[in-house]
Amino acid sequence: MEKEISKHQEYLEKLHKFLASQVCEDVHREGDVYITTDKNKFEYIKAAIKDIERSFEHVKRKVHFDEIPFGHYAGIKLTYTPVYKRIISKKLIGFWCDTYLSAQPEMSDIINAANFENDKIKLYELVTERRIRYSYHDFENKITIKNQYNVGIATVIFSNRCTLSQRDGDTKKVDRRECSPNVLAVGRGVLMEMGDEIFTLYEMYKI
């Protein structure tokens, strides 16, 4: 497992180092989004990234490439939205369970590994989802093309006519989850969500 993690880290470092080296007058960078106005540059970056990915055959997360047809104007929006993503790593679940019980040992009958495994309790961590949205008008077919996707580890876009804007996404879903009565904060940006059965027992233990 540690070997796989180090290989993945090596892959990411090599990937991002190469992409950062390509930033120039024709390649604009915003975080992990790279937009180039030069089609030859786009093809060169694409080929070089494919070579890197082939040298790390085990990797599943790959760079996303996108092309907006030449001459079409596109308004590209990069949105940063906080979301709670479920933690599925047994090692992390064990760590946060132990962390909670070290402060609340009397809850060990209900807050335990078995109830996490049975999905009666779930853990979530706060992450920032980076999402690309854009649209352009296809004059030949008289339609508006819209597209959206997650940035992932990196996204490279070819567009010779575009503007890029950034904004923060809606936090309503995050706020609702944080304020739910069956949810406890067990660490910074880490929540524990109890199912109905466990929450009922939890309420009884508190009395």
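Buried denotes a relative accessible area under 20%, exposed over 50% and partly exposed in between, with a 1.4 Å probe and protein chains only. The structure shown is a predicted model, in which local features need pLDDT of at least 70 and side-chain atom pairs count only at pLDDT 80 or more, whereas totals for chains, interfaces and linings use all residues. Residues are numbered from 1 along each chain as its sequence is written, and side-chain values use heavy atoms, with hydrogens and water left out.

**View 1. Strand β2 is covered on both of its faces.** Val33 and Ile35 are buried on one side of β2, and Tyr34 and Thr36 are buried on the other. In a regular strand the side chains alternate between the two faces of the sheet. Helices (H or I, at least four residues) and strands (E, at least two) are DSSP runs, numbered from the N terminus.

**View 2. An open sheet of 4 strands has the order β1-β2-β7-β3 and mixed pairing.** β1 (27-30) and β3 (64-67) stand at the edges with a single partner strand each, so one side of each is left without a neighbour in the sheet. Direction ignored, neighbouring strands of this sheet are turned by 20° against each other on average. Two strands are taken to pair if DSSP finds at least two bridges between them. β1 and β2 run antiparallel and are joined by 4 bridges, with Tyr34 in β2 as the bridge partner of Arg29. These two strands form a hairpin with 2 residues between them, and Gly31 in the turn has a positive phi of about 65°. β2 pairs with β7 in the parallel sense over 4 bridges. β3 and β7 (residues 155-158) also run parallel, joined by 4 bridges, and Phe158 in β7 is the bridge partner of Glu67.

**View 3. Helix α2 lies across β1, β2, β3 and β7.** The helix runs at about 160° to β3; axes are lines fitted to C-alpha atoms, for helices over the stretch in contact, and angles run from 0 to 180 degrees between N-to-C directions. Lys46 lies in this helix, which spans residues 39-55, and is partly exposed at a relative accessible area of 27%. Apart from residues up to four places away in sequence, Lys46 touches Phe65 and Glu67, where contact means heavy atoms within 4.5 Å. The C-alpha atoms of Lys46 and Phe65 are 7.4 Å apart in space, and the two residues are 19 residues apart in sequence.

**View 4. Lys39, Glu43 and Glu67 are linked in a network of salt bridges.** A salt bridge is a side-chain nitrogen of Lys or Arg within 4 Å of a carboxyl oxygen of Asp or Glu. Side chains of opposite charge can pair when their charged atoms come close. Glu43 and Lys39 meet in a salt bridge at 3.8 Å, N to O; both lie in helix α2, 4 residues apart, about one turn of the helix. Glu67 forms a salt bridge with Lys39, the closest N and O atoms being 3.2 Å apart. This second pair links distant parts of the chain, with Glu67 in strand β3 and Lys39 in helix α2, 28 residues apart. Glu43 is partly exposed at 35%, Lys39 is partly exposed at 35%, and Glu67 is partly exposed at 35%.

**View 5. Glu193 and Arg177 form a salt bridge.** The closest N and O atoms of this pair are 2.9 Å apart. The pair links distant parts of the chain: Glu193 belongs to strand β10 (residues 190-194) and Arg177 to helix α5 (residues 172-179), 16 residues apart. Arg177 is partly exposed, with a relative accessible area of 24%. The structure holds 8 salt bridges.

**View 6. Asn115 of helix α4 is buried.** Its relative accessibility is 11%. Asn115 touches Asp109, Ile110, Lys120, Ile121 and Ile198, not counting residues up to four places away in sequence.

**View 7. Asp119 and Lys142 have positive phi values.** Asp119, a residue other than glycine, has a phi near 65° and lies in the loop between α4 (113-117) and β5 (121-138). Asp119 is partly exposed, with a relative accessible area of 42%. Lys142, likewise not a glycine, has a phi of about 55° and is found in the loop between β5 and β6 (143-150). Lys142 counts as exposed at 71% relative accessibility.
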